[in-house]
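Please read the following note with the model open beside it.

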Number of protein chains: 2
Amino acid sequence: MKNIQSFIVLFALFSGNIAVAQTTDKVVEDFKPSSVNQPGKEYPQVNSERRVRIRIEAPQANKVQLDIGAVKYDLTKDENGVWMGESAPQDEGFHYYQLNIDGASVPDPGTRYFYGAGRWGSGIEIPAHDQEFYALKKVSHGLVSENRYYSDITESWRRCFVYTPPGYHSGKNKRYPVLYLQHGSFEDETGWLNQGHANLILDNLIADNKAVPMIIVMDNGYAFKPQEEQVVSTPTKPAMVFEEVLINEVIPMIDNKFRTINDREQRAIAGLSMGANQTMRIIMNNLDKFAYYGGFSGTANYPGTEEIDVKAFLDGAFADGKTVSERIKVLWLRVGTKEPEVFPKSIGAFRDMLDNQGIDHVYYESKGTVHEWLTWRRSLHDFVPRLFR
Amino acid sequence: MKNIQSFIVLFALFSGNIAVAQTTDKVVEDFKPSSVNQPGKEYPQVNSERRVRIRIEAPQANKVQLDIGAVKYDLTKDENGVWMGESAPQDEGFHYYQLNIDGASVPDPGTRYFYGAGRWGSGIEIPAHDQEFYALKKVSHGLVSENRYYSDITESWRRCFVYTPPGYHSGKNKRYPVLYLQHGSFEDETGWLNQGHANLILDNLIADNKAVPMIIVMDNGYAFKPQEEQVVSTPTKPAMVFEEVLINEVIPMIDNKFRTINDREQRAIAGLSMGANQTMRIIMNNLDKFAYYGGFSGTANYPGTEEIDVKAFLDGAFADGKTVSERIKVLWLRVGTKEPEVFPKSIGAFRDMLDNQGIDHVYYESKGTVHEWLTWRRSLHDFVPRLFR
């Protein structure tokens with residue numbers, strides 16, 4: 001036991017990113033409950049330094065840790081059996097985390113739960129300086145509806161969420177363009193709503209007349225044929241049969257059930273990370289269906305960072321640069337400045353290929369954000385105003 | 001430690017309802033993953049005896065328990081630090097539960113999470129013999145939409161979910177009756193969907209031509225004026241300002257946003273437990289707004305079991321029995337046969353009053369169910385076919 005503790009102290013000294021914050025005098029005491037706590041729950045809390053403070057009763061436990069941002073922070077027990085402690089300052093935005101109680105990795109009972117990192121578990125919101133663009137405001141709100149459908153391709157029940165803009169339900173005849181918007185790996189169709197606030201971003205943009213009112217469809221990017229092993233996809237093997245489900249089942253269902261404009265110039269597709277990779281393959285295979293593409297923290301050459309062979313890449317889909325430029329009205333890419341190197345490098349290689357082919361594109365960087373939801377909220381907020389003009 | 005163990009064994013012998021099932025040879029080994037587990041999670045499991053089996057890694061823990069149905073079951077650790085164990089047989093239907101790890105009460109990382117008992121936490125489904133009526137089937141499905149609205153009464157953002165029946169979205173002019181459906185205490189607007197499967201119950205009834213296609217609105221029964229302390233309501237003090245919010249804000253919003261029939265004879269109200277109590281008060285104060293009432297495991301005299309003074313009860317709302325009979329087209333009550341005595345007894349006192357006043361009502365019992373969601377699923381399934389005929 002002593003050896004383990006020594007190791008941890010040693011590791012902390014060298015890595016510089018394990019903090020046992022309650023032993024220092026540097027913590028600013030202006031903690032407030034996280035905005036995504038369960039109703040009435042005081043903890044977890046966040047302070048102005050962007051530290052996360054945890055509180056949990058576990059009188060008989062030997063060791064309790066906060067596990068956030070790939071770092072485990074030891075908590076300290078008081079005489080009442082209550083464990084408390086803080087993380088080092090976190091990046092602004094949304095983070096998944098968990099508690100570790102005597103070796104059990106469990107959700108914090110103080111938070112609401114989110115699907116990401118392959119599980120429903122705890123999340124925390126570190127207020128961002130630009131959070132107003134995804135805030136719940138007194139503007140007209142669209143509706144989000146849950147759509148269950150049986151897929152004959154996967155032979156299973158699936159689900160998508162559909163955002164309809166303000167005015168859709170009271171209007172009777174007006175028809176709308178559609179954005180198909182995909183989550184990343186180890187996430188699902190709930191991510192763009194619960195973590196991404198796609199509905200609020202659209203409500204605010206539409207209220208400010210900065211975006212065309214549109215329908216957004218958020219489906220689950222994991223789709224397998226029934227006889228195939230339900231392995232979790234990797235970014236390099238992302239497609240599975242999602243393309244088939246989307247093109248042959250979801251789009252016809254949406255065009256039938258909602259007042260859409262069934263036209264390639266009124267249909268966009270975008271995704272984040274694995275979803276960026278998937279949707280790039282889908283648009284290049286289906287240029288008759290989509291005219292706008294958004295790739296948030298991902299491209300179809302990921303994780304490759306080397307120069308792209310345009311003849312081989314996606315079966316030569318970008319080989320005729322002139323046609324691609326004509327067919328794709330907006331090709332939009334973004335990455336967070338703090339993302340792991342593989343993301344900017346693979347996106348960089350992709351952009352070089354676009355430049356060589358003479359294909360216009362829009363490229364933005366999200367300042368100070370990692371491979372997380374604040375990068376993608378900002379991406380959606382910049383991408384959507386460019387659609388259907 | 002030995003004393004504690006002796007005490008537990010002693011208590012188990014006397015109470016008869018603490019089981020450390022893995023020490024017996026009686027457990028039937030046909031466990032299957034619970035239907036409400038997280039994707040890909042093998043545990044918790046349920047067997048044909050309706051026992052719940054838990055598995056969790058917690059190598060450094062001293063004690064891990066399954067806490068379900070007000071009983072705590074000790075789990076046993078194996079040489080790999082994995083804790084496992086089973087509960088005694090549970091009633092069929094849906095149950096909230098949690099794990100206790102060295103004194104910390106936490107959600108099971110294997111399940112999806114539900115809001116009930118005042119928190120988001122674990123739940124498990126014990127398959128019921130009549131589960132087909134709320135199963136997801138290949139029938140036309142309605143849509144459930146999330147509606148956020150700002151309440152000027154509570155000065156806060158609130159939310160309701162709205163079920164629109166199959167055909168609503170493709171139809172352009174057809175208008176529908178509306179059922180307002182409320183959850184119980186320590187639950188919220190998500191309960192009737194996540195635990196109650198109200199949408200699936202309606203989809204199946206409508207597909208069988210057993211119910212009139214209708215809209216269902218599920219709001220949050222907790223509503224407080226901003227200056228008032230946000231105390232959690234008790235069943236004897238349930239109203240808060242929810243009635244005001246529902247009548248003055250929610251109903252006008254729904255009638256404006258959706259294609260409703262704005263007429264008392266095309267509007268019903270029902271609720272479970274605290275919601276039954278609230279909605280009975282609301283219909284009796286607003287007979288110009290509603291013509292149908294469903295009380296699931298609750299009445300407005302709860303927890304009173306004594307004879308009702310009809311002149312005093314709800315300010316004499318039932319004193320003129322003839323008028324009540326004429327105005328309320330269906331007055332429907334139900335309780336589970338295994339619910340705590342106060343529920344059948346208070347409902348019994350209410351029924352006696354109705355009989356004395358010559359007020360017709362429908363009364364059913366749900367066989368073998370407690371004060372839980374299977375009772376209320378069955379209630380909705382019996383109540384809804386009687387509406388709007």
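1. A search of the whole structure finds 36 salt bridges over all chains, where a salt bridge is a side-chain nitrogen of Lys or Arg within 4 Å of a carboxyl oxygen of Asp or Glu. One pair is formed by A:E86 and A:R53, whose closest N and O atoms are 2.6 Å apart. This pair links distant parts of the chain, since A:E86 belongs to strand β7 (residues 82–86) of chain A and A:R53 to strand β3 (residues 52–57) of chain A, 33 residues apart. Helices (H or I, at least four residues) and strands (E, at least two) are DSSP runs, numbered from the N terminus.

2. On the basis of what is shown: this is a predicted model, in which local features need pLDDT of at least 70 and side-chain atom pairs count only at pLDDT 80 or more, while totals for chains, interfaces and linings use all residues. Residues are numbered from 1 along each chain as its sequence is written, chains are lettered from A and ligands numbered from 1 in the order in which they are written, and side-chain values use heavy atoms, with hydrogens and water left out.

3. Chain A is assigned domain 1 (2–127) and domain 2 (133–386), with bounds that come from an automatic or database domain assignment. The C-alpha centres of these two domains of chain A lie 33 Å apart, and their contact (heavy atoms within 4.5 Å) takes 13 residues from domain 1 and 15 residues from domain 2.

4. The area buried between domain 1 and domain 2 of chain A is about 1,200 Å², with carbon and sulfur atoms giving 45% of it; buried area is the accessible area (1.4 Å probe) that two parts lose on being put together, summed over both. Of the area that domain 1 of chain A buries against domain 2 of chain A, A:D91, A:F94 and A:Y115 supply 40%, more than any other three residues. Across this interface of chain A the rule finds three salt bridges.

5. A:R377 deserves a separate look. A:E125 forms a salt bridge with A:R377, the closest N and O atoms being 2.7 Å apart, and A:R377 is also among the residues of α8(A) that meet α3(A).

6. Helix α3 (residues 198–207) and helix α8 (residues 373–383), both of chain A, pack at an angle of about 35 degrees with their axes 10 Å apart. Here axes are lines fitted to C-alpha atoms, for helices over the stretch in contact, and angles run from 0 to 180 degrees between N-to-C directions. From α3(A), A:A198, A:I201, A:L202 and A:L205 meet A:R377, A:L380 and A:H381 of α8(A). By class, this contact has five nonpolar, one polar and one charged residues.

7. How many salt bridges are counted between chain A and chain B? The count is zero, although the two chains bury about 3,800 Å² between them, 62% of it on carbon and sulfur atoms. The contact takes 42 residues from chain A and 42 residues from chain B.

8. The peptide bond from A:Y43 to A:P44 is cis, with omega near 5 degrees, and A:P44 is placed in the loop between β1 (32–33) and β2 (45–46) of chain A. Phi of A:L314 is near 45 degrees, a positive value in a residue other than glycine, and A:L314 lies in the loop between β17 (292–296) and α6 (321–327) of chain A.

Definitions and conventions:
Ala, Val, Leu, Ile, Met, Phe, Trp, Tyr, Cys and Pro count as nonpolar, Asp, Glu, Lys and Arg as charged, and the others, Gly among them, as polar.
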